[in-house]
Amino acid sequence: MRQTRQLAAIMFTDIAGYTTMMGKAEQKTLALIKANKQIHLKWLKVYRGKWLKEAGDGIMASFASVSDAIYC
């Protein structure tokens, strides 16, 4: 079996103060997470990013170029 390698730029984002926000206004925070996901999906498409994983308020994506990751 032949192994291949691929270079990728990884972007990880999260919402600052997420835990505090959940404690104060859970429904509002969940709506914010939903909106945040939609924004990320839009810009990932524009900059050719690949959605890898979502964990709570965090989103991980990969890009073929560092420039695309930064601009996204």
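Buried means under 20% relative accessible area, exposed means over 50%, and partly exposed lies in between. The exercises below apply these classes to a predicted model.

**Exercise 1.** Determine which residue forms a salt bridge with lysine 37, and classify both partners by accessibility.

*Solution.* The side chain of lysine 37 meets that of glutamate 54 in a salt bridge, with 3.4 Å from N to O. This pair links distant parts of the chain, since lysine 37 belongs to helix α2 and glutamate 54 to strand β2 (residues 50-55), 17 residues apart. Lysine 37 has a relative accessible area of 30% and is therefore partly exposed, and glutamate 54, with 33%, is partly exposed as well.

**Exercise 2.** Find the partner of arginine 48 in a salt bridge, and decide whether each residue is buried or exposed.

*Solution.* Arginine 48 pairs with aspartate 68, and their closest N and O atoms are 3.0 Å apart. The two residues are 20 places apart, arginine 48 in the loop between α2 and β2 and aspartate 68 in helix α3 (residues 66-71). Arginine 48 reaches 60% relative accessibility, so it counts as exposed, whereas aspartate 68, at 12%, counts as buried.

How values were computed. Residues numbered from 1 in each chain as written. Predicted model: local features only at pLDDT ≥ 70, side-chain atom pairs only at ≥ 80, totals over all residues. Heavy atoms only, no water. Salt bridge = Lys/Arg side-chain N within 4 Å of Asp/Glu carboxyl O. Helix = DSSP H or I, 4+ residues; strand = E, 2+ residues; numbered from the N terminus. Buried < 20%, exposed > 50% of the residue type's maximum accessible area, 1.4 Å probe, protein only.
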